Every structure is written in structure tokens, then in C-alpha cells.
Amino acid sequence: MDQARSKISKIFNGEPHSYTRFNLTQNMEGDNSQVEMKLSSDIDEEAGENGVGDNRNHNSNRKPYVAQKLGRTPKNLCFMAAATLLIFIIGYLIGYLVHRKKDLAPTCAASVVRFDEAVAHETGAASLMDWDDVKKLLAQKVTAAKFEPVFREFSSANHRAGSPDDDALANKVMKKFKEYGMKSWTDEHFVKVQDPPASGSNRVVFKNGSAMRPEGFLSYSATGEVTGAALYAHYGQENEFALLQDKSINLTGRVMLVRAGRISLAEKVANAAKMGASAVLIYPDPTDYLISDTTPLFGHVHMGSGDPYTPGFPSFNHTQFPPVQSSGLPKILAQTITASMAISILRQLGGQDVPATWGGVNKLGEESDLITVDVKNILTEKKINNVFGVIKGFVDADRYVVIGAQRDAWGPGFAASTVGTSVLVELARSISEMVKNDGFKPRRSIVFASWSAGEYGSVGATEWLEGYVSSLSMKAFSYINLDRVVTGQKGFKVAASPLMHSLIESTLSEVKSQNKAETLSSRFAKGNFETNVLVPMTLDNAAYPFLAFSGIPSVSFGFTSDNSPYPQVSKFFGTKLDTREKLNMVTDNQVSQLAEIATRFAGHMALRLVHDHLLRLDVMKYDKIIRTRVAQINVKVISVQKMQPRLLPKDLTMQWLFSASGSYGRASRNLASDIQNSDLEDIEMCRIINDRIMAVERNLLSPFVSPRENPFRHILVGSGSHSLKALSDHLEALRTANPEADANLFRNQFALATWTIQGCANSLAGDVWSLDNEI
């Protein structure tokens, strides 16, 4: 409009530095209306003669001057009329286009409710690049060929946490981040870990035979020496120990012999301890691992994450606290043995036959099959460094997605750490170039993190979370884990917060698989995303503490060596045979190609989260999950009240838990309604809505338990008496009149879980003055 005014000004008086102001007045002296125009130079002259405020008789004063300047000829009058009509038409068109733009602008709901492709829309704060252009840019930046030099640079024969090789890799990552123009920093921790004894190995003796000295070990085992009768317990799962009890086998004081796999090493030891065992020996069975029968196995048995000697608080600068340790540390001995050692013991066992479904060995073991286990691990303190780099957002820079990968390994750790670190670095390079060279402006920030001490139980990552839990839970809206993204090629599995399921499903349909002719969805999901791709988030997953401890929606994914229900079992993890050659063998030499796809998959999720006006986190997903869990608890409550009315009388009602569940459902639907009625032009409104979305996961952490005693406070995916699973298990104990069941304790847990759900619904609903009406 200013340009149009300038043009018309030049037409009328030819003065290059004047602009025209229009004053539409009614000519009261004649029958026809007249448009009078005053030039800026004329106004200046008038102001000088009459004063600024003397405008009461402006019509009578102006007309002679304007007539003198322009003349009242018919030609001039026609020209003025035409100019007026032109200005009117231009103004009308501009108004129409602005109004139409508002009508066509996508509502915020496109990002949360429907997850459709949103129309590009500008807010004025940062130019929004079309999503298809963002995808094309990422595809151009990420190629398989670029991974080969990165693999070579970040490969190391030995980079155990806190070692000089680990520090050297940290410096390389830091150098890369700086080369990409990212703000980078380090986070230093002093953590306690267990290393092998000074002699180099622990000792196992079977039936007074020669001592076996395995090179492998399990960090955080109890130390000492015990002797007990051997008992084979398959994978050491709870149902397998229950089956042994059903066979009337005494488990107290036994030394359990179990296979690695299916569940974490820590869970195997915890399950054995609950049965009264004195020690656990774990071995890699040849049917699960592609290793020789003399290959040692390494791991940890802390039933938790982080430094177990600073539970719930960070290990910063030799933090001075009274001596304390995690409740997740085992109180029994744990040690790994090689497959050949295990076979030697299994062949000599007596006792009952193994269950037919177990296979592999003939006997379970009897009281005379004595084993002595001697564990003398040394507790040491190590300094570790986490390395960070950030690409800052252009609108909400204080909101960020974190992308991380562990850097350390027991040995070469090519699949365990080298691939993930390489993907991290390549993703950082690609997105940095998109921002610097191609005009991409992320609305929110992206933090890249290289963790240390991942092999000891996500120690580096958890210590960082503990150190900044207050700010992270408010500002970090997602975590993307890059550990173990390539361990095979036959399957593709994803473990994630339900809030991220819709984002993951859409990403699977966008990212191409190896042959480029089909997407990851068409190859691996095959029409059923939840059944064929999704797996539970387990304790040994590096993303688990982000989700269950900090309440940050998290995702972990990867190509696997098979499509079994237990895809986390690698053929080489925890051994020194985790090399590039072994990974080539199980991927048909497609490591670089698979790393490229994994990078694009992680990049698509991260970029979508920082590109869209609203976070692509679907709060409706938890509605179904909560309702399902509540329905299951209701069935069990009714059953207990019928079978054990003395323990759980009729006065315990499900009314309030049903109400809390319903409140969450209504709050999530009301959020969708608020989104539909919101305008993306309002940056502050979108920020408020995003904060409501971010609060969901955080408010599913029980506020009624201590993070030190129960670090994984999430009531749906966490562990402890506060979780809905614990409620269900407690009801089962009440139903069977288990002596450990406590009806009063259950009622307390029941009330606190109810209010945790209600509190989450209240937070999701928004303003406190709207709660009664909204939910």
C-alpha cells in the first residue's frame, strides 16, 4: 500500500521525496462529493503557517490551495476519480487476500489430533520451510558413502568408560560439534563402578573340580564367596522360577545357572534373589549368540540406571553425601561364565528333567551338585565426560529435543557404540548444514549428546538427568536414542512413549528402506504397526530413564537380526567380538546403508518435532491405555471382594479411579477442541498449548514417592509400588491370601495412583479456573 501511495504521489506532483496522505471529505457546498488530496509538502507548509493544532476549518482552508495546485479541470477531476477507484480496488484485494489466508491457515490441531500434512504457514518469527523441502534436504545431506570415514574415525579397539580412549573419542566428538558451528560443552561426573579383581578374574568351582576363571564379569555384583547346589533356571524369568517352585524344588541357597537373553542381566539376578538364591551364573548360549564357546561376557546387574552410589542425585565434583546406595544393587553374587564352562556343568547335573519347552539340557540339578562362586570385584571411582552440542531454535529456543548415543563399550563395541556415535555426528552435521546453508530455521532447539558409561547402566545419561531434572522436565520435550540402531537387518523394532506412536508411524511411512522401492512401514509394519514394530520399553534401554525417571517422551529404535519377540538380544553385545566384521556378517555388508536409513529415521522425527508449530505428541494415546489399565484393576477388585471380603470389603469403590480416568479423556478431548479454535498466528497461544502437551508425561510421574527410593516414578511404565502394574500385582496377592499382601497398604497405593491420574488430567486441562467446567 505504501508503494502504491508513493507512485501516486509521484504522478501528481513529481516530487521524489514526498508521499501522499488521503483525506476523504464530503463537499458540503455542492451536490457532488469531492476527493481532496494533500501532499506531505503542503501539510508541512500549512503547519508552518497555521500551527499544528489549527485544523478546525480545514475544509475551507484546503480547497483553494488544492484547486490552485491541481486545478479543477474536468481532466483532473476524472483522473482523481480513477485514482480513488484504483486505491479502493487495491485495498479491497489486499483485505480479501489477508482474510482468505487466515481461513486457509492450518489450525494447531493438525499437529496433535489428525497428524495430517499441514499447509506451510508463516508466523513472522521464523520462516517456515515446506516439510517436503525439509525431507529432501535431509535426504541430500545423509548418504551411505559419508559413513565410511566416520566409522573409521570413531572406531576403537578399547574405549571403556573413563579410559584414555574414551576421553579421546569425547574430544573427537567435541571437535566435530565445533566444526559444525554448534555451541558445545562438556558435563563432568565422578562415578563409582565395579571392575574385575586385581587378579584379573573371579573364580567358579564345580564339585571340587579345577577352578574356572572367567575373564568376563558383572559390575555391581555383591562380593564374597558362597557355595550352593546348582539349579538350571533357563532365562531366569519370573514365570520360569515359578515353574520350578511348582515342581516342589527348593530354591533357597541355590546357585542359579541361567542363559543370557530375553530380559536384562539385572532382572535375572533380581528374580533369583527374590527366590532366595545365593548366587547366579549367566552364560551366552550358542543358540542366542554368534560367538565361540570360550568368548567372555560382560555386563552389569544394577536394577536401575546411573551411579548406584548416588541414587536420585548427580555425581558432580565428588558430591559430599552420607554413604548411601541404590536399592537396586543386588545382595547376592553374580558372575558370567563362558558357554564351554556352562556346558561342562550342565552335562553333570542330576535331579529332575527340564521342562520340555526349555530344551537344551537334560537335568535341572540336585542338592549334591555343589558350586562355589567367588567374586572379588573392585569398586573404583572414574571421571567421565558427556559431550553436548546444540542447534538453537528460532522461535522457542528454550524448548529442545535431545538426541543421544553412548560412546563407551566393553571392547570394540562397533554395534553398541560406534554406529550410534557415527549416526549422532552425521545427523548433527546434516542439520547444521541445513540451517547454515539452506535456510532451514527450526522453531525449537536440538541438543546432541554423547554419553559415557552407558555399559554400566546409562550412567552418564542418568547423572545428567539427575543433575538438571528440574529444568529438563520443563524444557526437553523428547529424547531420541541412537544406541543399537543397527544390530541386524531382518527386523525393525521401536520402543517408545505412547505420546510418540503417531509420529513414529508417520515417519515409518515416509522413510524408504534399503531397496528404495518401499518404505519402512510397508516392509516391516505390514499393515499392523503396533504388533509388528512396537516393543515394550525395558529397563536396559538407554531411553528408559528419560521416560520413567524424568517424564520426557522417548523413543529407541533399530534394525535387528531377527523379528522375534526379544529383538534387543544382539548376537555380539557384551562381548569383545562386537566388531565391524561381525556386524557385516549379520547385515550382508549393509552397515553403511542401514546407518543411513537409521539417520534419516531419527532425523525425520527430530525435524518434525522442531519444524511444526505444535509438537507432534498425541495425548489421546494415553486415554486408551489408562482406561484399559483401570478396567483390568476393576475386574481384579471385584474378584478379590468376592473371594476375600475380609481383606477388601465393599467400601472400596472404583468410583474415583473411574472418575480420574474419565477426567483425562475429557481433558485430552478438550485440548483438541482448544487447538481447533486456535490460530497459528498467535505464537504465545501455541507455546501455551505445547506446554500443556509437554506436561502429560511429566505428570504421570508419581509425586508421592521419592526419586531416591523409587527413581522410575512413571505410573504406567515405571517400577515400584506406585505403578498401576504394582496395584494389579497386589490385588493378585490379596486374592490368593498371600502373607505379604497388605490391604491397608493397597488402599493407600490405590488412592495415590488415582490422584496421580487426576493430577495429570488437571494439568492437561489448562487454567485452574477452568478445571471444574472442563473435566
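Phe-712 has a relative accessible area of 4% and therefore counts as buried, where buried denotes under 20% relative accessible area, exposed over 50% and partly exposed the range in between, computed with a 1.4 Å probe on protein chains only.

Residues are numbered from 1 along each chain as its sequence is written, and side-chain values use heavy atoms, with hydrogens and water left out. Because the model is predicted, local features need pLDDT of at least 70 and side-chain atom pairs count only at pLDDT 80 or more, while totals for chains, interfaces and linings use all residues.

The confidence of the predictor in each residue is expressed as pLDDT, on a scale from 0 to 100. Its mean over the chain is 86, with 82% of the residues at 70 or more. Where pLDDT is low, the predicted coordinates should not be read in detail.

The chain holds 26 helices and 17 strands; these are DSSP runs numbered from the N terminus, with helices (H or I) of at least four residues and strands (E) of at least two. Of its 775 residues, 55% count as buried. Among contacts with a separation of 6 or more, 79% are between residues 24 or more positions apart.

Turning to the sheets, one is open, with 6 strands in the order 4-11-6-7-8-10 and mixed pairing; two strands pair if DSSP finds at least two bridges between them. Strand 4 (203-206) and strand 10 (333-336) form the edges, each pairing on one side only. Neighbouring strands here are turned by 30° against each other on average, direction ignored. Within this sheet, strand 6 (residues 224-232) and strand 11 (residues 370-375) run antiparallel and are joined by 6 bridges, and Ala-229 stands opposite Leu-370 in strand 11.

Met-212 sits in the loop between strand 4 and strand 5 (218-219). With 14% relative accessibility, Met-212 counts as buried. Beyond its neighbours within four places in sequence, Met-212 is in contact with Asn-202, Arg-203, Val-204, Phe-206, Met-341 and Ile-345. Val-373 is 161 residues from Met-212 in sequence, with 9.8 Å between their C-alpha atoms.

A further open sheet has 7 strands in the order 3-12-14-13-15-17-16, again with mixed pairing. Its edges are strand 3 and strand 16 (491-496), each of which pairs on one side only. The twist from one strand to the next averages 20°. Strand 15 (residues 476-481) runs parallel to strand 17 (residues 554-560), and 3 bridges join them; Asn-481 stands opposite Ser-556 in strand 17.

Helix 20 is mostly covered, as 20 of its 21 residues are buried. The strands it lies across are strand 13 (396-406), strand 14 (444-451), strand 15, strand 16 and strand 17, and helix 20 runs at about 160° to strand 17. Axes are lines fitted to C-alpha atoms, for helices over the stretch in contact, and angles run from 0 to 180 degrees between N-to-C directions.

Rings of Phe, Tyr and Trp (its six-membered ring) pair if their centres lie within 6.5 Å; planes under 30 degrees apart count as stacked, over 60 as edge-to-face and the rest as tilted. By this rule there are 25 aromatic pairs. The rings of Trp-185 and Phe-388 have centres 5.2 Å apart and planes at 15°, so they are stacked. This pair links distant parts of the chain, with Trp-185 in strand 3 (residues 183-195) and Phe-388 in strand 12 (residues 378-391), 203 residues apart. Trp-185 is partly exposed at 30% relative accessible area, whereas Phe-388 is buried at 0%. Tyr-544 is buried, at 5% relative accessible area. Ring pairs also link Trp-185, Phe-388, Trp-451, Trp-464, Tyr-468, Tyr-479 and Phe-546 into a cluster.

How values were computed:
Contact means heavy atoms within 4.5 Å.
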